[in-house]
Amino acid sequence: MRYRLTFIAGLALGYVLGTRAGRERYEQLKTSAREFAQNPAVRNTAESAAQSGRDFAGKAYHAVSDKVGEKVPASVVERVRSLRGQGQGQGIEDDWGTSNT
């Protein structure tokens, strides 16, 4: 019985000390991640990658829509238009969902 109590006490003490150390490490990681995300070079690279992705997606959409013609479902066209509307006011410019007729 004495060994069980010693074991349980040691387990409880280890848990308390481990969670405190773990919490401190978690806070350090969270702070580092926040600083990394706020770095201007990282933000510029992420914005550049997002813009490149939007450009590529727009070109891909037009290439596919040219090949399939009028067979693009109306739901897809509406979804593209709604996505374009969400980008308004954020400095995002693209020609998704516009007709060139």
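Lysine 30 and glutamate 27 both lie in helix α1 of this predicted model. The two residues are 3 positions apart, about one turn of the helix. Their side chains meet in a salt bridge, with an N to O distance of 3.8 Å. That distance qualifies because the cut-off for a salt bridge is 4 Å. Lysine 30 has a relative accessibility of 33%. It therefore counts as partly exposed, since that class lies between the 20% and 50% limits.

Arginine 23 and glutamate 27 are both found in helix α1. Here the spacing is 4 residues, again about one turn of the helix. Glutamate 27 is partly exposed, with a relative accessible area of 27%.

Together with Phe7 and Ile8, Leu11 forms a nonpolar patch on the surface. The accessible area of the three residues together is about 340 Å². Leucine 11 has a relative accessibility of 53% and so counts as exposed, the threshold being over 50%.

Helix α2 covers residues 40-68 and has 29 residues. From its first C-alpha to its last, α2 reaches 42 Å. This is close to the 42 Å expected at 1.5 Å a residue. The N-terminal end of α2 is capped by asparagine 39. A side-chain oxygen of asparagine 39 lies 3.1 Å from the backbone nitrogen of alanine 41. Within α2, the buried residues include Gly58 and Tyr61. His62 and Ser65 are buried in this helix as well.

The average pLDDT is 77. A score of at least 70 is reached by 75% of the residues. Confidence is highest in helix α1, residues 2-38, at a mean of 86. Confidence is lowest in helix α3, residues 74-87, where the mean is 68.

Key: Residues are numbered from 1 along each chain as its sequence is written. This is a predicted model: local features need pLDDT of at least 70, side-chain atom pairs count only at pLDDT 80 or more; totals for chains, interfaces and linings use all residues. Side-chain values use heavy atoms; hydrogens and water are left out. The expected span of a helix is 1.5 Å times one less than its number of residues. Buried means under 20% relative accessible area, exposed over 50%, partly exposed in between (1.4 Å probe, protein chains only). A polar contact is a pair of N or O atoms within 3.5 Å; within protein, one must be able to donate a hydrogen and the other to accept it, and residues adjacent in sequence count only if both atoms are side-chain atoms. pLDDT is the predictor's confidence in each residue, from 0 to 100. Patches are made of residues with over 30% relative accessible area and no salt bridge: like charges are joined within 9 Å, nonpolar side chains (Val, Leu, Ile, Met, Phe, Trp, Tyr) within 5 Å. Accessible areas come from the Shrake-Rupley method with a 1.4 Å probe; for residues, only the protein chains shown count as cover.
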